[in-house]
Amino acid sequence: MGQRDITKERYSDGKPVLRRFHQARWDEPIIFELSRAGQRGILVPEVDEEIRARAGDVLATLPDGMRRKDPPALPELSQPQVVRHYARLSQENLGADLNVDIGQGTCTMKYSPKINDQLAANPKLLDLHPFQDEETVQGILEVMYRFEQILKEISGLDRFSLQPGAGSAAIYANVSIIRAYHEARGESKQRDEIITTIFSHPSNAACAKTAGYRVITLYPDDDGYPDLDALKAAVSERTAGLLITNPEDTGIYNPKIAEFVDIVHGAGGLCSYDQANANGVLGITRAREADFDLCHFNLHKTFSTPHGCGGPAVGATGVKEELARFLPVPLVEYDGDRYRLDYDLADSIGKVGSFHGVPAVVVKAYAWAMSLGADGLREVAGIAVLNNNYLLKKMLEIPGLSIPYAKGKRRIEQVRYSWEKLAEETGVHSEELGIRAADFGVHYWTSHHPFVVPEPCTLEPTESYSKDELDEYVAIIAHVAREAYTDPEIVKSAPHNSTVHTIEHEPFDDPSQWAVTWRAFRRKVGGD
Amino acid sequence: MSEQRPPDYPYIPNSVPKVKEQMLREVGAESVEEFFEDIPDSLRLKGKMNLPEPLLSEQALKRHVEGILARNATARENLNFLGAGCWQHHVPAVCDEVNRRGEFLTAYAGEPYDDHGRFQTLFEYASMMGELLNMDVVNVPIYDGLQAAATSLCMATRITGRRHALVSKAIGAEKLSKIRDYCRPSADIELVGFEAETGQLDLGELKGRLSSDTAALFLGNPSYLGTIEQAGGEIADIAHEKGALLIVDVDPISLGVLTPPADYGADIVCGDIQPLGMHMQFGGGQAGFIATRDEEEFVMEYPSRLFGIAPTRVEGEYGFGDVAYERTSFAVREEGREWVGTAAALWGITAGVYLALMGPQGMAEIGEGIMARARYAMLKLDTIEGVKAPLFSTPHFKEFVVNFDGTGRSVAEINRALLAGGIFGGKDLTQEYPKLGSSALYCVTEVHSRQDIDRLVEALREEVA
């Protein structure tokens, strides 16, 4: 009997054939459609007879208007039905555990180690109340303190708050600290402008506005760097601060960043470094070296904690010593023996988030950093950047794709590509290519708005994907791009292998049709 | 470096030297260093970061982290009566089962075609909350109840075009601190007191402070101090007469038995969903919700994402997407409403699981059971010489103020003694509410048995004797 080369059968012309992916399509009803009167998913503990006897009819003590008349029309399901419903819906979701998740550029979709999730699920953390006596929470305070020391070394800054609930909350905290700083100097009325860049996350502009600032946005110069001349023209005695990312979402490192900081300092403003894109520069360059006053890290990005469909997360906010007095309270202090919570900061901006932020995320991030150490973190940056430049080389072999700006320059951890040429030649848009890619089990994200780079596509491979996986991703995108030229209709009518087909968009922007809840949908469509 | 050496970093596939070299060759680079050539020397970190030695094996890491966490003493090992915004409720196993699934845990921001499951679960979460709250619009969760309170107030200022906002004094210090910081540019916050005897909002003071510039009255019900407001409808009428909105901050687990605020006239309802299936985890299980009627002027003022349902091109199939996306900062940066970003979506999915498990009957039973236990605890505590429980003569839900003035003891002293006996006493209110004397906020839920409550009572009786 002749031997078969089983693996080779999965190749064509020496290259692996594309997966015959098909996303789960359970046609899973909306949970209310599964309801049958009387079914129960869980029982609640019985009330002890003596409690009942002593307490009496507690509902009768409620004033008339405060006792609920009709029970909430929640669905009624048995427990196995609930489990199957959610298990099916989970299969209709493409998490980073499943796909080569390099297409959500700026999001740093790296591997979230399972051991860290397990460590954070420890009852010794789950069952802690945030107002417990300090003596009973020495363990979690120690983790928070130790992790702060790690962030101080990674950034070169002096104090951190782990309270903000994600990157945008940290940006807001930083703006609030900037405001408090100018207030303390009696200049808050005069300094009413914040400068940011168009390739920084929209929350930089939005948080500044929310905090009451006028926003000035710098656009890129011809090389893709934020325009230095525009910055010089923008700064004045009205400048409160600069919020800037580096490398920006283009993946281009701005070598003049120290000059940007100097110019803003010269005008009396503070500089805050949005380190959402820190993954490629860990151990390479820091906020301190460029003289930033504040920074923040997204622990759910650079520090590997899982994204959870959009949180819970932590935006760790760091400042120079001079600004520590403005940080949210409490801070964790250590006297060499005991850890304690310090609420006694006279100039604190107060609370940015509840209690101590999301300590479980801190535990995961701490475990991740401790599993790598200084060399490991440097390896993370090195491989993330190698992967990115490798991916860039392979992607640019695809006809119709290009990268704007900084010709011939290396990129750091991500790249914003442009399908402008392909769109001109085929009429197929970047979003459509991304949706078609989902037919093969991967996806990509275009860009924040506005699309400064036309027909954008932002890829960030991180350190977590193998060369073969990067090759597979490129093969899928190449295939889809080829289809755009040979059979554009199949791309434009995508998805074909997804959970659902093309969704009607119009209802989402029409108040008479939009429905954010099932009850609204039934009312508007079903005539309930 | 030996080529045979296995990679040091199991999380970093291409750290294998051979692979690294091959990739470098393909991109025409000598070393990884070349990729950093645009970073000026003056900005480069000289030398190596000074970090602790790594724990390379999973076993060593586990031992290290578990060793530190072992120093905590938990509410599972002790008897806990702390609440004040983070509450100890039973977490159904199915909640953890679902939120630990990698498909949900490791997803982020895919399109509706990639992450149909995320959109549907969050739509269903909002839909079930909508039933609980009797409102048609509920947002995708934001960070926590603090943010929900602050954003609700900001929404009210935009909807009404007014700056003045009234906030009931029966509010936690942390929430008030957040509101003061966050709303400063858009709202002038003024406090309204409550009646010393009943804890009910002082309606006379409310009327005096309301003006034609008042955007909203913000009221907790149940309040931070556990009291149930009796005059919800009257308060709504008073506010509405002046053109102000009523914002009610509500504990969602109370709504199986308590009237949803919309029914007594609330225009915006907000709160924290932590009670619905999230472990306390040192305060890390919080997530905020905001709900309103389905009116365009309200919907357009949400900063958060709103997931809507719509047909697809195949009959009978539903799809999902962002409702009124153009109002968000994702779409229009600083021209959007406040901002939107990563927050606490996984807890929304989890709360949906919780409500699906509980159903209407479960929510009614748990609400009544909590009220009965809390009332039992108050009655028993009140029998202790020098202890007054509750301090306010009004119905309570799960929290209530216990006053120790008659014992001559401070809450700190009492709590220290309780802790020595394995009991976490209620939150000390001495600093937040100096006028309440030696008072603490106690929380009783369905996790407390009669024996638990009796144990607290006996420990206190002994301590203050």
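**A kinked helix and its surroundings**

Tutor: Helix α12(B) has a kink of about 90° at B:Gly359, shortly before the proline B:Pro360. Keep in mind that this is a predicted model. The helix covers residues 345-381 of chain B. A straight helix of 37 residues would span 54 Å, at 1.5 Å a residue. Between its end C-alpha atoms, α12(B) spans only 39 Å.

Of the 37 residues of α12(B), 33 are buried, so the helix is largely enclosed by the rest of the structure. For burial, the cut-off is 20 or more other C-beta atoms within 10 Å of a residue's own. Across chain B, 63% of the 465 residues count as buried.

Now the chain as a whole. Chain B holds 14 helices and 14 strands. Its C-alpha atoms fill a box of roughly 80 × 55 × 50 Å along the principal axes. Take the contacts in chain B with a separation of 6 or more: 71% of them join residues 24 or more positions apart.

Some of the strands form an open sheet of three, in the order β11-β14-β13 of chain B, with antiparallel pairing. Its edge strands are β11 (399-403) and β13 (427-428), and each pairs on one side only. Five bridges link β11(B) to β14(B), residues 439-443, in the antiparallel sense. Within β14(B), B:Leu441 stands opposite B:Val401.

The largest nonpolar core has 326 residues. Those with the most contacts inside this core are A:Ile177, B:Leu153, B:Ala216, B:Leu217 and B:Ile247. Helix α10(A) supplies the largest share of the core, 22 residues.

B:Ile247 is then in contact with B:Ser152, B:Leu153 and B:Ala156, among others. Its contacts also include the run B:Ala216, B:Leu217, B:Phe218 and B:Leu219. B:Ala266, B:Ile268 and B:Cys270 are in contact with B:Ile247 too.

Last, the chain-chain interface. Here 174 residues of chain A are in contact with 177 residues of chain B. On the chain A side, helix α10, residues 359-395, gives the most, with 22 residues. That side of chain A divides into 95 nonpolar, 51 polar and 28 charged residues.

Back to the part you asked about. The kink in α12(B) lies at B:Gly359, and 33 of the helix's 37 residues are buried.

Methods: Residues are numbered from 1 along each chain as its sequence is written. Chains are lettered from A and ligands numbered from 1 in the order in which they are written. This is a predicted model: local features need pLDDT of at least 70, side-chain atom pairs count only at pLDDT 80 or more; totals for chains, interfaces and linings use all residues. Helices (H or I, at least four residues) and strands (E, at least two) are DSSP runs, numbered from the N terminus. The expected span of a helix is 1.5 Å times one less than its number of residues. The bend at a residue is the angle between axes fitted to the seven residues ending there and the seven starting there. A residue is buried if 20 or more other C-beta atoms lie within 10 Å of its own, exposed if 12 or fewer, and partly exposed in between; C-beta atoms are placed from the backbone. Two strands pair if DSSP finds at least two bridges between them. Two residues are in contact if their C-beta atoms, placed from the backbone, lie within 7 Å. Ala, Val, Leu, Ile, Met, Phe, Trp, Tyr, Cys and Pro count as nonpolar, Asp, Glu, Lys and Arg as charged, and the others, Gly among them, as polar. A nonpolar core is a set of buried Ala, Val, Leu, Ile, Met, Phe, Trp, Tyr and Cys residues joined through C-beta atoms within 7 Å. Lists of a residue's contacts leave out its neighbours within four places in sequence.
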